[in-house]
Amino acid sequence: RDLTTFSEAIKIASVKAHVICPKEEVHRLVQDDNLISVDQTTYSTDKKVNTYQKMADLMYKVRVIGIPLEKQSTLAGLTSLMDCLGFGKPVIMTRNPCIDLDIENLGIGTWVDPYDVDGWTRAIKWHFENIEQSNRMGNKAKVIGEQLSAESFGKEINSLIIEHYQNWKYN
């Protein structure tokens, strides 16, 4: 994650933000009163603590979800993008050529080039100044998430199997 670029943009945009990251990465954040770091613990010895649920509760409450990435040649950020769809949240994300969902063409978010503090700042401000449009992006994200769900995927596979079986049976 490109926490430095993201936290610099938050400071310039002057909005409150929660940053979910491992505690070992907090030092990469530009310090600002608007920035609240949330420890992302991937393993907890306390079995009563569900850290993903805690993160999900937080992500559900925010206006927009940011996915700041270093320059990528992998699918980094894809799982976080799927979270945005599931929560029905608009997204600001570092452009990743390996992810074939175009968040801008789909109308669910804003791409920002890697290490682009000004791009992040503009995108953050836009989502906070254009709340109605940003909310519509989140609504579209939710619809797309439902279309990409395992249940809908299973129904499509089932439909294809039945169609091919019927074609085979009658040929």
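Start by selecting the buried residues of H3: Leu 81, Asp 83, Cys 84, Leu 85 and Phe 87. Buried here means under 20% relative accessible area, with exposed over 50% and partly exposed in between (1.4 Å probe, protein chains only). Helices (H or I, at least four residues) and strands (E, at least two) are DSSP runs, numbered from the N terminus.

A quick word on the ground rules: this is a predicted model, with local features needing pLDDT of at least 70 and side-chain atom pairs counted only at pLDDT 80 or more, while totals for chains, interfaces and linings use all residues. Residues are numbered from 1 along each chain as its sequence is written, and side-chain values use heavy atoms, leaving out hydrogens and water.

Now show what surrounds that selection. The buried residues of H3 pack against H2, strand S3 (65-67), strand S4 (91-94) and helix H5 (131-147), where contact means heavy atoms within 4.5 Å. Step past the end of the helix and you reach Gly 88, which follows H3 and has a positive phi, near 70°.

Next, the rings. The structure holds two aromatic pairs. Rings of Phe, Tyr and Trp (its six-membered ring) pair if their centres lie within 6.5 Å; planes under 30 degrees apart are stacked, over 60 edge-to-face, and the rest tilted. Pick Phe 6 and Trp 120: the centres are 5.3 Å apart and the planes sit at 85°, so this pair is edge-to-face. It links distant parts of the chain, with Phe 6 in helix H1 (residues 3-13) and Trp 120 in helix H4 (residues 117-129), 114 residues apart. Phe 6 is buried at 9% relative accessible area, and Trp 120 is buried at 1%.

Then go to Tyr 60 and Phe 87, another edge-to-face pair, 6.4 Å centre to centre with 65° between the planes. Tyr 60 belongs to helix H2 (residues 51-61) and Phe 87 to helix H3 (residues 78-87), 27 residues apart. Is Tyr 60 buried or exposed? At 55% relative accessibility, Tyr 60 counts as exposed.
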